[in-house]
Amino acid sequence: MSYSHNTMGSGSRTATRTFDFGRTHVVRPKGKHQATIVWLHGLGDNGSSWSQLLESLPLPNIKWICPTAPTRPVALLGGFPYTAWFDVSELSENGPDDWEGLDASAAHIANLLSTEPCDVKVGIGGFSMGAAMALYSATAFALGRYGNGNPYNINLRAIVGLSGWLPGSRCLRNKIEVSHEAARRAASLPIMLGHGTCDDVVPYKHGEISAHSLNVAGFRNLTFKNYEGIGHYTIPKEMNEVCNWLTARLGLEG
């Protein structure tokens, strides 16, 4: 699926970047369909690998949608092409954020959720760069708009971010504090973050900083779990806690 994103330049010129998203894998619920979660893979991965893990979880009432990011040059990896939800040049609170790429992927994810039945609760989760994308979508939900100003219309009910980071963290608090409605939405959204203390790809400090930034910006319904001695990967204990957290926050049947 292609997503074209227009950016107004000087005068009346319009620059367009087209993002071609890869294959989307869907895991159907084995029981009553109560929730749908888009789960986002990490840099260089695809939706298929996560769909296999998610299908094995004891969550029969969740439909999982696992899209594949566009293949694009990634500055952090020397400009070589990888599947990536957005471009990233460095993992730093002061590094530049690829707002255009973030908005394009957030819109693609929202589009995947837009056709779900109105009685089904929807959420977004992800690992590594996928977690960063899920958290960016959470901020778009709270603000009611994407970074480009277009309205964000999905009523998110849960966010899970494992071994990731928060894009745009340095300016988030100022954006949310000026709007009572944004503050209300931020406070209402349950978020679970998990991070291994020995992560050598997305260092643990980025998980801590992200949790702190979200909290001070008004995302009060936040759970942050650390996993001692764990690197840049998930373990059964973490996935079990994700299952328990989702079951409780989304009111799922056993």
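Thr36 stands opposite Val122 in β8. This is a predicted model, in which local features need pLDDT of at least 70, side-chain atom pairs count only at pLDDT 80 or more, and totals for chains, interfaces and linings use all residues. Residues are numbered from 1 along each chain as its sequence is written, and side-chain values use heavy atoms, with hydrogens and water left out.

Six bridges join β4, residues 35-40, to β8, residues 121-127, and the two strands run parallel. Strands here are DSSP runs of E, at least two residues, and helices are runs of H or I, at least four residues, each numbered from the N terminus; two strands pair if DSSP finds at least two bridges between them.

Helix α2, residues 99-113, packs on the sheet and touches β4, β5 (62-66), β8 and β9 (156-162), contact meaning heavy atoms within 4.5 Å. The direction of α2 makes about 155° with that of β4. Axes are lines fitted to C-alpha atoms, for helices over the stretch in contact, and angles run from 0 to 180 degrees between N-to-C directions. Helix α6, residues 204-217, also packs on the sheet, where α6 touches β10 (191-196) and β11.

Now to the whole sheet. Which order do the seven strands of the open sheet have? The order is β3-β5-β4-β8-β9-β10-β11, with mixed pairing. β3 (25-27) and β11 (222-227) stand at the edges with a single partner strand each, so one side of each is left without a neighbour in the sheet. From one strand to the next, the twist averages 15°.
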